[in-house]
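Let's take a walk through this structure together, one stop at a time. Please have the sequence and the 3D view open as you read.

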Amino acid sequence: MDNLTFRYSALLVEGLQITHQSSQLTFIFLLIAYVFTMVSNIGILIQISAEKSLHQPMHILFCHLPVSDVIGATVLIPRLLKDLLTDPSERYITYVECVFQAFFVHLYGTTSHTILMIMAFDRYVAICNPLRYPTIMTNKMMVKLSTGAWAAAILPVGILIGLSVRLSHCRSIIPNHFCDNASLFKLSCENTVINNVYGLTFTVVLLASSLGWVLMTYLRIAMVCLKSKNNATNSKAIKTCSTHLTVYVILLISGFVPIFLHRFSEYAENRKFGSVMFHVIPPGLNPIIYGLQAKEIRQRMLKLCRNKVNSS
């Protein structure tokens, strides 16, 4: 079949293999989760943008995380909701839509790490070099960190998807509940060694860089806290870092569960649900964790609530 023609034909998405009753419960859960994710993340973005007292490096860098979370939730959940209401034999997606979904699925997974890496750097400077913090974390530095976090995700992910798009295709079924890079190159009957090698290398480099960087920054922060005799400073540092570390651990667990289950064919459906949770749990919990732990954001939220109560 001609490659160009095939790209614009419909692909059949396997979807979640669940009963009708379970699909209804899953639909309700995902809908509530998606609405909450969108409202909470966009709400925090608006709050930080509108409140001048929140225009600090820590909060400005944090703004990238809600953007990434909105992308992660939107690229998967609406399509999955539609498929849950559609007969399994009619869950079609065009090749172009599949490519876009695959790109943003991997972009979300990558930016989740790169953004937390630049946030770890901010915490490291604030705790280990507090006197130099204003001169290091300038507007220029924040632009560099922000650009670097997104560029370090967009470029390698673009190459990853590009390597799959170049292949000719001989299949029309996506053996998954959404499109990702593996779904794309599995449509081909050509040799996909390059795709597998690049994909594995990209994943290893990303996880090694992320874990290595976060581990290094926290070890240095821990050393500074152990040497310091200021209990108030140490308490503030632990509180700030615990928030970031909690978000990071949730990301790692949510990401490793589907990877681990992928090795066991009998848990294929569990793996699918695990990969869905990667787009549900971090985007849903991140605004709660940061919103409640960040004193400035928490106070702003309480102030808004009091104003609404008084006005009513």
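Helix α6 covers residues 95-128, which makes 34 residues. From its first C-alpha to its last it reaches 49 Å, close to the 50 Å expected at 1.5 Å a residue; the expected span is 1.5 Å times one less than the number of residues. Helices here are DSSP runs of H or I with at least four residues, strands are runs of E with at least two, and both are numbered from the N terminus. The model you are looking at is predicted: local features need pLDDT of at least 70 and side-chain atom pairs count only at pLDDT 80 or more, while totals for chains, interfaces and linings use all residues. Residues are numbered from 1 along each chain as its sequence is written, and side-chain values use heavy atoms, with hydrogens and water left out.

How enclosed is α6 by the rest of the structure? Of its 34 residues, 28 are buried, so the helix is largely enclosed. Buried means under 20% relative accessible area, exposed means over 50%, and partly exposed lies in between (1.4 Å probe, protein chains only). Histidine 106, also found in helix α6, counts as partly exposed at 21% relative accessibility.

Now to the cysteines. The structure holds 2 disulfides, a disulfide being a pair of cysteine sulfur atoms within 2.5 Å. One of them joins cysteine 98 and cysteine 179, with sulfur atoms 2.1 Å apart. Cysteine 98 lies in helix α6 and cysteine 179 in the loop between β3 (173-174) and α9 (181-185), so this pair ties together parts that are 81 residues apart in sequence. The torsion about their S-S bond is about -110°, so the disulfide is left-handed. Both of these cysteines are buried.

Cysteine 170 is joined to cysteine 189 by a disulfide, at 1.6 Å from S to S. This pair links distant parts of the chain: cysteine 170 sits in the loop between α8 (139-165) and β3, and cysteine 189 in the loop between α9 and α10 (193-227), 19 residues apart. The link is right-handed, with 85° about the S-S bond. Cysteine 170 is partly exposed, with a relative accessible area of 41%, while cysteine 189 counts as exposed at 54%. Counting bonded cysteines along the chain, the disulfides follow the pattern 1-3, 2-4.

What about cysteine 225? Cysteine 225 is in no disulfide, and the nearest cysteine sulfur, that of cysteine 241, is 6.7 Å away. At 16% relative accessibility, cysteine 225 counts as buried.

Let's finish with the spans that come from a record. An unreviewed UniProt entry places the feature "transmembrane region" at residues 25-48, 101-121, 142-165, 197-219, 240-261 and 273-292; UniProt positions are given in the numbering used here, feature names are shortened, and annotations may be inferred rather than shown by experiment. In the model, residues 142-165 are 100% helix and 0% strand, with end C-alpha atoms 34 Å apart. Residues 240-261 are 100% helix and 0% strand, and their end C-alpha atoms are 33 Å apart.
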